[in-house]
Amino acid sequence: MRTAMVVGAGVAGPVAAIALQRAGFAPTVFEAREGAADELGAFLTLQVNGIDALRALGVGHLVTGLGFPTPRMRFRSGSGKALGEVSTGAPLPDGTIGVTLRRSDLYRALRDEARKLGIPIEHGRRFADARPQAGGVRAEFTDGSTASADVLVGADGIRSRVRHVIDPSAAPARYVPVLNIGGYAPPQETGAVPGEYEMVFDKRAFFGYAVAPDGGVWWFANPPQCTEPAPGELAALTTEHWRDRLRALFAGDRTPACAIIDSTPGELVGWATHDLPSVRRWHRDRMIVIGDAAHATSPASGQGASMAIEDAVELGRCLRDLPEPAAAFAAYERLRRARVEQVVASGARSSSSKAAGPVGRVLRDAFLPIVLRRQGAAVAAWLHGHHIDWDTPVTTSVPAGHG
Ligand SMILES: Cc1cc2nc3c(=O)[nH]c(=O)nc-3n(C[C@H](O)[C@H](O)[C@H](O)COP(=O)(O)OP(=O)(O)OC[C@H]3O[C@@H](n4cnc5c(N)ncnc54)[C@H](O)[C@@H]3O)c2cc1C
């Protein structure tokens with residue numbers, strides 16, 4: 001039986017391991033963290049295309065009951081002016097729509113499923129290097145241990161070590177000029193329709209929130225910051241600092257932002273935003289990167305997890321049908337590159353619009369309603385209507401973007 005090493009047990013890693021097992025491989029997952037992590041980023045949206053891709057592997061049920069359905073996003077200015085709304089994608093045939101869920105719940109569900117299927121996940125194994133060996137690849141870990149397999153899949157996130165090993169000259173992640181912070185506030189009156197995102201382009205920062213079925217408010221804010229924070233700078237900021245800073249940003253606007261932030265219990269921790277516009281080399285020899293390791297998008301796209309899942313499923317199909325890894329990786333890249341790069345570009349545009357200056361704000365508020373009206377449905381169909389048919393064979397001549 002062919003073997004695979006999967007580096008990283010975030011989103012792409014466990015799904016790739018499940019796909020590879022279905023494709024006839026014996027996969028092992030190597031995760032740097034010692035145990036269940038307190039994953040950065042409190043919650044995320046998993047769009048219908050991501051759920052549909054999980055279903056291609058027969059594991060769509062994993063996200064049922066996690067989080068809550070979020071069918072729509074409404075955009076407003078800080079003065080309360082409605083700028084438009086978009087749906088988060090047409091429902092799947094059984095009515096399923098995109099969900100908002102805690103990042104840690106998604107990670108846990110995917111890892112538990114992989115373990116249930118008998119896939120080993122080895123924690124505390126930080127990948128360091130790899131080199132080709134006869135008919136395969138040999139990986140080295142920072143603890144000095146090694147492992148070998150027929151192929152190595154780097155699903156090790158935006159700061160991927162596997163990407164560096166494949167191409168030491170690969171460009172590093174790019175700073176996107178907004179910070180992220182968020183939390184969970186207790187039930188309160190916000191005026192929002194439960195489950196629907198309210199997205200506010202406030203004068204000084206972006207604020208988004210959705211009311212969960214229990215009435216609790218899941219929120220995030222994106223304070224703009226032109227320069228990339230120095231290492232450790234954000235970690236050193238206290239919760240009191242964040243409360244004061246956010247209060248100052250949203251003071252006097254016509255949204256419930258300040259009340260939501262003030263009522264949020266516990267620690268507030270901010271983090272910087274990065275993306276990866278174009279990674280020149282995704283594969284070399286028997287190694288390939290997928291998910292954020294290959295094409296991280298800024299959170300504004302709401303598609304990072306869904307793209308990671310699509311990647312994992314497509315890689316499984318390619319390695320199932322094209323026994324020669326070089327041919328499978330080339331077919332995979334043809335299937336994926338244009339789509340993911342378009343998502344990264346659109347995420348970067350959305351993030352920049354959150355950090356607009358005075359003139360940019362006027363233009364954005366004038367044109368956003370038109371853009372949302374004109375492009376909303378077409379974008380939703382292209383992005384959210386994407387379907388992967390696991391059973392359709394992949395050939396060496398698969399055209400770009402088609403399964
Ligand atoms: C604030 C924020 C909000 C977001 N919001 C959304 C959203 O709403 N919707 C959405 O779809 N996406 C969102 N994303 C993006 C989404 O979280 C990522 O796109 C997704 O997690 C990518 O999955 P991945 O498996 O490629 O990488 P990750 O989830 O980052 O997993 C990588 C794993 O590899 C491990 N690892 C790293 N280095 C090594 C090594 N050397 N050896 C072994 N293991 C290693 C890490 O510990 C980690 O477990 C958001 C991201 C952020 C930061």
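This is a predicted model: local features need pLDDT of at least 70, side-chain atom pairs count only at pLDDT 80 or more; totals for chains, interfaces and linings use all residues.
I begin with the ligand. A polar backbone atom of A32 stands 3.1 Å from a nitrogen atom of the ligand. Two further pairs involve oxygen atoms of the ligand. For V11, a backbone N or O atom lies 2.9 Å from an oxygen atom of the ligand. For Y107, a polar atom of the side chain is 2.4 Å from an oxygen atom of the ligand.

How much of the ligand does the protein bury? Considered alone, the ligand exposes 1000 Å², and 87% of that is buried by the protein.

Next, the shell around the ligand. There are 30 residues surrounding the ligand, and the closest are A12, E31, R103, Y107 and A305. Sorted by class, the shell holds 14 nonpolar residues, nine polar ones and seven charged ones.

Which elements give two or more residues to this shell? They are the strands β2, residues 25-31, and β3, residues 43-46, together with the helices α3, residues 103-116, and α8, residues 304-321. Of these, α8 provides the largest share, with four residues.

I now move to the packing of the helices, starting with α1, which spans residues 12-22. Helix α1 packs with α3 at an angle of about 30 degrees, and their axes are 9 Å apart. Since angles under 35 degrees count as roughly parallel, α1 and α3 are therefore roughly parallel to each other. Their crossing is left-handed.

Helix α1 also meets α8. The axes of α1 and α8 come within 8 Å and cross at roughly 25 degrees, so α1 is roughly parallel to α8 as well. Here the crossing of α1 and α8 is right-handed.

Finally, α8 has a further partner in α2, which covers residues 48-56. Helices α2 and α8 have axes 8 Å apart and pack at an angle of about 25 degrees. That angle makes α2 roughly parallel to α8. What is the hand of the crossing in which α2 passes α8? It is left-handed.

Thank you for your attention.

Terms used: Residues are numbered from 1 along each chain as its sequence is written. Side-chain values use heavy atoms; hydrogens and water are left out. A residue is near a molecule or strand if one of its heavy atoms lies within 4 Å of it. A polar contact is a pair of N or O atoms within 3.5 Å; within protein, one must be able to donate a hydrogen and the other to accept it, and residues adjacent in sequence count only if both atoms are side-chain atoms. Accessible areas come from the Shrake-Rupley method with a 1.4 Å probe; for residues, only the protein chains shown count as cover. Ala, Val, Leu, Ile, Met, Phe, Trp, Tyr, Cys and Pro count as nonpolar, Asp, Glu, Lys and Arg as charged, and the others, Gly among them, as polar. Axes are lines fitted to C-alpha atoms, for helices over the stretch in contact, and angles run from 0 to 180 degrees between N-to-C directions. Angles under 35 degrees count as roughly parallel, over 145 as roughly antiparallel, 65 to 115 as roughly perpendicular and the rest as oblique. A crossing is left-handed if the near helix is turned anticlockwise from the far one by less than a right angle, and right-handed if clockwise.
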